[in-house]
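Welcome, and thanks for taking a look at this one. Please have the model open while you go through the points below.

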Amino acid sequence: MSAEEPMFRVVRGVPTAEELAALVGAIVTRTRPVAAAAPPVVSRWVRSGRPTGATPVACPGAWRAAGLPR
C-alpha cells in the first residue's frame, strides 16, 4: 500500500469533516489493543472486616436472618 492510497474510502454521500473525524476516531478506538486491568489489591485489614462463610441468599425471612449473630 502506498502512502497516497487511502486506508478507507467513502462509497456514498459526502461526509462532513466532523463525520470523518468521528469515523477515524471509532476505527482507532476499535483497533487499539485492550490491556487487562490489574485486580484491586485488598489489604488484610479490609478482608478481616468482611463476613466469611456462606453467601447470603435472597429468600423469605432473609432480612431477619441477616441481623442474627453468626
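1. A term to begin with: buried means under 20% relative accessible area, exposed over 50%, and partly exposed in between (1.4 Å probe, protein chains only). At 36% relative accessibility, Phe8 therefore counts as partly exposed. Phe8 sits in the segment before helix 1 (17-31).

2. Please keep in mind that this is a predicted model, where local features need pLDDT of at least 70, side-chain atom pairs count only at pLDDT 80 or more, and totals for chains, interfaces and linings use all residues. Residues are numbered from 1 along each chain as its sequence is written, and side-chain values use heavy atoms, with hydrogens and water left out.

3. The chain has three helices and zero strands, in the order α-α-α from the N terminus. Helices (H or I, at least four residues) and strands (E, at least two) are DSSP runs, numbered from the N terminus.

4. How confident is the predictor? On pLDDT, its confidence in each residue from 0 to 100, the chain has a mean of 79, with 86% of its residues at 70 or more. Helix 1 has the highest mean pLDDT among the elements (87), and helix 3 (residues 62-66) the lowest (78).

5. Of the chain's 70 residues, 0% count as buried. The accessible surface of the chain is about 7200 Å², and 63% of that belongs to carbon and sulfur atoms; such areas come from the Shrake-Rupley method with a 1.4 Å probe, and for residues only the protein chains shown count as cover.

Terms used
pLDDT = per-residue confidence, 0-100.
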